[in-house]
Amino acid sequence: MTTPPYLKKGDTIAIVSTARKNIDDNLKPTISLLEGWGLNVKIGKTIGLDYYQLAGTDEQRAADFQEQLDNPDIKAIWCVRGGYGTVKMIDKLDFTQFKKNPKWIIGFSDVTVLHSHLNTMGFESIHGTMPVSIPRATDEAKNSLCAALFGDKLQYILDCDALNHNGKAKGELVGGNLSILYSLLGSPSAIDCNDKILFIEDLDEYLYHIDRMMMNLKRNGCLSSLKGIIVGAMTDMKDNEIPWGRNALEIIEDTVEGLNIPIIYNFPAGHIRDNRALIFGRQVSMEVNDIQSKVIFE
């Protein structure tokens, strides 16, 4: 995997929207944060565009992202928010210049489309909090993103969770939002799970749909080929009038039963304030025991 150059003071980071619109003047806290890190900020043309739910048409969003991809002065692209829409513009992008001069792509949720696509091309990217979340993000979430961007040591040591599966593993970290990963299966942007460590998280899904998606991963061989699993936040799950009978973590646990691999539950990443940064495409080692869990990035 190719690691884009780490940022240094004086570099410029672009903020764009690949999905849901962001028409409010709510980026001042994010701009202040980045300037505090010694970075310059460029606001993309999609910020402020209003096309129903989206930040402009598919063509406008793709053009803005393409401009930042091709601009050698832009060292990182930070997606302002998630929602839905990145998949509608991904095939309009040309990564020719990016491959020659890679840069960090940052975000989570719907940005999983970009993470997965970049992974198939052999490039690392950063799963982390986004500009609209900065006012409520924890210091740990912001500091971990800073560490990932500037090349500082990134590791997490967590208290054990009752659902965890003990063990050790080392492999390339892939994943993101479960619903997006599920929707990309069979497409050119689908990740290869073989010998990987898979991270998943999700928001606002019906419990039976979590089961459906996990069963898909199981039946297509993804789960059985993994070296480890990291389960992030499963936030604001919904149920039907007739209950499904399991919460999201129990559904996942049922699906992975029998896998002889380490599994971490309730990892601090996803649609929560404490959304710690992860570097997808990076080799990580994970160790899970009765006392604590460790995730260490090489």
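Biologist: In what order do the seven strands of the open sheet run?

Modeller: Bear in mind that this is a predicted model. The order is S6-S13-S12-S7-S8-S9-S10, and the pairing is mixed.

Biologist: What makes a strand an edge strand there?

Modeller: An edge strand pairs on one side only, and that is the case for S6 and for strand S10 (263-264).

Biologist: How do you know that S7 and S12 are paired, and in which sense?

Modeller: Two strands pair if DSSP finds at least two bridges between them. S7 (residues 167-177) and S12 (residues 283-288) have six bridges, in the antiparallel sense. As a landmark, look for glycine 171 opposite valine 284 in S12.

Biologist: Which way do S3 and S4 run, and how many bridges join them?

Modeller: They run parallel, with three bridges. Isoleucine 77 has isoleucine 105 in S4 as its bridge partner. On to S5: two bridges join it to S4, again in parallel, and that meets the cut-off of at least two bridges. Glycine 107 stands opposite histidine 127 in S5.

Biologist: What makes you say that both faces of S4 are covered?

Modeller: In a regular strand, side chains alternate between the two faces of the sheet. In S4, Trp104 and Ile106 lie on one side, Ile105 and Gly107 on the other, and all are buried. Buried means under 20% relative accessible area.

Biologist: Why is H5 called largely enclosed?

Modeller: Because nine of its 12 residues are buried, H5 counts as largely enclosed by the rest of the structure. Among them are Lys142, Leu145, Cys146 and Phe150.

Biologist: What do the buried residues of H5 pack against?

Modeller: Their partners are helix H1 (28-36) plus strands S3 (74-79), S4 (104-107), S5 (125-127), S6 (155-159) and S11 (278-280).

Biologist: How do you know that the length of H5 agrees with its residue count?

Modeller: Take 1.5 Å times one less than the number of residues. For the 12 residues of H5 (residues 139-150) that should span 16 Å, and the end C-alpha atoms are 16 Å apart, so it agrees.

Biologist: What is the phi of aspartate 195, and what is the phi of asparagine 266?

Modeller: Most residues other than glycine have a negative phi. Aspartate 195 has a positive one, near 60°; asparagine 266 also has a positive phi, near 60°. Aspartate 195 sits in the loop between helix H6 (178-184) and strand S8 (196-203), whereas asparagine 266 is in the loop between S10 and S11.

Biologist: Why is each called partly exposed?

Modeller: The label applies between the 20% and 50% limits. Aspartate 195, at 42% relative accessibility, is therefore partly exposed, and so is asparagine 266, at 43%.

Biologist: Which residues make up the nonpolar surface patch?

Modeller: Tyr206, Tyr208 and Trp244, with about 290 Å² of accessible area together. A patch residue needs over 30% relative accessible area. Trp244 has 42%, so it clears that cut-off while still counting as partly exposed. Trp244 lies in the loop between strand S9 (228-235) and helix H8 (248-256).

Methods. Residues numbered from 1 in each chain as written. Predicted model: local features only at pLDDT ≥ 70, side-chain atom pairs only at ≥ 80, totals over all residues. Heavy atoms only, no water. Patch = residues over 30% accessible without salt bridge, like charges linked within 9 Å, V, L, I, M, F, W, Y side chains within 5 Å. Areas by Shrake-Rupley, 256 points an atom, 1.4 Å probe, with all protein chains shown as cover. Salt bridge = Lys/Arg side-chain N within 4 Å of Asp/Glu carboxyl O. Helix = DSSP H or I, 4+ residues; strand = E, 2+ residues; numbered from the N terminus. Buried < 20%, exposed > 50% of the residue type's maximum accessible area, 1.4 Å probe, protein only. Contact = heavy atoms within 4.5 Å.
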